[in-house]
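Hi,

Here is the model I promised to pass on.

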Amino acid sequence: MEAFRVFRVTAVAEAFSWTGLLVGMYLKHVSHTTDAGVWLFGRVHGALFVAYLVATFWVARAERWSLWRTAFALAASIPPLTTLIFERWVSKRRPAAAPATATA
């Protein structure tokens with residue numbers, strides 16, 4: 001699987017797990033109904049956070065990102081939903097793929 005595709009999938013998944021964790025924290029600390037959301041999404045988010053970091057290093061090396069771009073990608077994993085914003089930003093600045101040539 002292509003490094004950038006793995007990066008995109010993990011960026012989106014990490015953002016959705018952040019959302020689940022925020023909902024879980026609301027249910028636990030504000031409405032005091034259950035802590036199951038924090039229990040479940042805490043684990044899921046932790047795993048996806050690590051996967052995002054690994055995917056970031058992989059794509060940074062594969063596509064020769066600058067140190068600044070890599071640092072911003074890593075920093076985007078900390079605030080909620082910022083991986084989505086960074087993923088969109090970096091996708092727009094990625095060079096277009098070369099067209100496939102047909103061989104007869």
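Let me start with a crossing: α1 and α4 cross in a left-handed way, meaning that the near helix is turned anticlockwise from the far one by less than a right angle (clockwise would be right-handed). Helices here are DSSP runs of H or I with at least four residues, numbered from the N terminus. The contact draws on F4, F7, R8, A11, V12, E14 and A15 from α1, and on T83, L84, F86, E87, R88, V90 and S91 from α4, where contact means heavy atoms within 4.5 Å. Sorted by class, that makes 8 nonpolar, 2 polar and 4 charged residues; Ala, Val, Leu, Ile, Met, Phe, Trp, Tyr, Cys and Pro count as nonpolar, Asp, Glu, Lys and Arg as charged, and the others, Gly among them, as polar.

Before going on: this is a predicted model, with local features needing pLDDT of at least 70 and side-chain atom pairs pLDDT 80 or more, while totals for chains, interfaces and linings use all residues. Numbering runs from 1 along each chain as its sequence is written, and side-chain values use heavy atoms, leaving out hydrogens and water.

Back to the pair. The axes of α1 (residues 3-29) and α4 (residues 82-92) come within 8 Å and cross at roughly 155°; they are lines fitted to C-alpha atoms over the stretch in contact, with angles from 0 to 180 degrees between N-to-C directions. The two helices are therefore roughly antiparallel (over 145 degrees).

Which residues of α4 are buried? They are T83, F86, E87 and V90, buried being under 20% relative accessible area and exposed over 50%, with a 1.4 Å probe and protein chains only. These four sit on the same side of α4, because they cover an arc of only 100° around the axis, taken from the directions from the axis to the C-beta atoms. They pack against α1, α2 (36-62) and α3 (67-75). On the face turned away from them are the exposed I85, R88 and K92.

E87 deserves a look: its relative accessible area is 2%. Leaving aside residues up to four places away in sequence, E87 touches F7, R8 and A11. Its C-alpha lies 8.1 Å from that of V12, 75 residues apart along the chain.

Then there's α2 with α3: their axes come within 10 Å and cross at roughly 165°, right-handed this time. Y52, L53, T56, F57 and A60 of α2 meet T70, A73 and L74 of α3, a contact with 6 nonpolar, 2 polar and no charged residues.

Cheers

Methods:
Parallel < 35°, antiparallel > 145°, perpendicular 65-115°, else oblique.
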